[in-house]
Amino acid sequence: MTALVTFGETMLRLSPPRGERLETAREFEVQAGGAESNVAVAAARLGRDAAWFSKLPDSPLGRRVVGELRSHGVDTDGVVWDDDHRQGLYYLEHGVSPRPTNVVYDRSDAAVTTLETSEIDLETVRDADICYTSGITPALSETLRVTTADVLAAAQEAGTTTAFDLNYRSKLWTPEEAADAYRGLFDDIDVLFAAKRDAEAVLGRDGDAESIARGLADDFDFETVVVTRGAEGSLGLSDGEVFEQGVYDAETHDAIGTGDAFVGGFLAKRLGGGDVSESLQWAAATASFKRTIDGDVAVVTPEDVERVVADDDDGISR
């Protein structure tokens, strides 16, 4: 049995040295990164049994992804290997004002886009405590949209708690396409994570975070809704009770993966018996710590998180 199972795309991230442009760089740093595997890494590093599955090319690049995730304690035995498709990549050029950070995706025809339900060992999902994926996964292909629905339905039928982050990406689909896909999955989701901006832009939700959380919980019968508000912190709604959490101050070295670290910290604490309030605290602390680290993943320990929490009793940045 694995406490947390996640599934989705993981790409290789190629970054030129800071201060260099993609078009002139001669060297690139290579790291693995993907929403669902980032969550699995955070949870594993915070002491939970975590697994990630996907479909990767049976190539040095695919094996690079698996090797990196395993180095953080993530179980990758459920990965499906493929001989016909490629490894997705993305290029990250760090910017400083007035030059923005730029992301260029190169993920067309990636192996993961062909992952079908029949290729997955669903017993790992049925035996898990929590199954997690994000809105990026069904956006990648029609095949993955079907597979995502099947996996969440299998988890629900088995009594596995399902968690889902809207994670809207405008480069993948329109708000209308995303909303249609999300609503098709909501019946099989217990815990929903939503950035306030995504709930507004994609689901047409207005009002403050509490209004959005209550509206979503009432309309779709979610057990827990967590709404993130950037610098304003987060709000959780569970069993009608509202919990609020501020952010922890951090000097931002690399913001990529912060949201995934938040989710990983939240799920890790919940799996450890924490309530929603404690889980939001761990989520905020893990996200803050991640911002100080280069790369997509939160290279963090429970002691790191506890230290961040202990340094600020209420967790609110004032």
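## Terms and model

A residue is buried at under 20% relative accessible area, exposed at over 50%, and partly exposed in between, using a 1.4 Å probe and protein chains only. Helices (H or I, at least four residues) and strands (E, at least two) are DSSP runs, numbered from the N terminus.

This is a predicted model: local features need pLDDT of at least 70, side-chain atom pairs count only at pLDDT 80 or more, and totals for chains, interfaces and linings use all residues. Residues are numbered from 1 along each chain as its sequence is written, and side-chain values use heavy atoms, leaving out hydrogens and water.

Strand 11 covers residues 191-195, and five of its five residues are buried. Val191, Phe193 and Ala195 point one way, while Leu192 and Ala194 point the other way. In a regular strand the side chains alternate between the two faces of the sheet.

Two strands pair if DSSP finds at least two bridges between them. Strand 10 (residues 161-165) runs parallel to strand 11, with three bridges joining them. Phe164 has Leu192 as its bridge partner. Strand 12 (residues 224-228) is also parallel to strand 11, through five bridges. There, Ala194 stands opposite Val227.

Strand 10, helix 6 (residues 175-185) and strand 11 make a right-handed β-α-β unit. Right-handed means that, with the strands pointing away from the viewer, the path from the first strand over the helix to the second runs clockwise.

## The open sheet 3-2-7-8

Four strands form an open sheet of mixed pairing, in the order 3-2-7-8. Strand 3 (29-33) and strand 8 (102-106) each have a single partner strand, so one side of each lacks a neighbour in the sheet. The twist averages 25° from one strand to the next. Such angles run from 0 to 180 degrees between N-to-C directions, with axes fitted to C-alpha atoms, for helices over the stretch in contact.

Strand 7 (residues 89-93) pairs with strand 8 in the antiparallel sense over five bridges. Leu92 stands opposite Val103.

## Helix 2

Helix 2 (residues 60-71) lies across strand 2 (11-15) and strand 3, at about 70° to strand 3. Its buried residues are Gly62, Val65, Val66, Glu68 and Leu69.

Pro60 and Ser71 are exposed on the face turned away from the buried side. Just after helix 2, Gly73 takes a positive phi of about 95°.

Key. Contact = heavy atoms within 4.5 Å.
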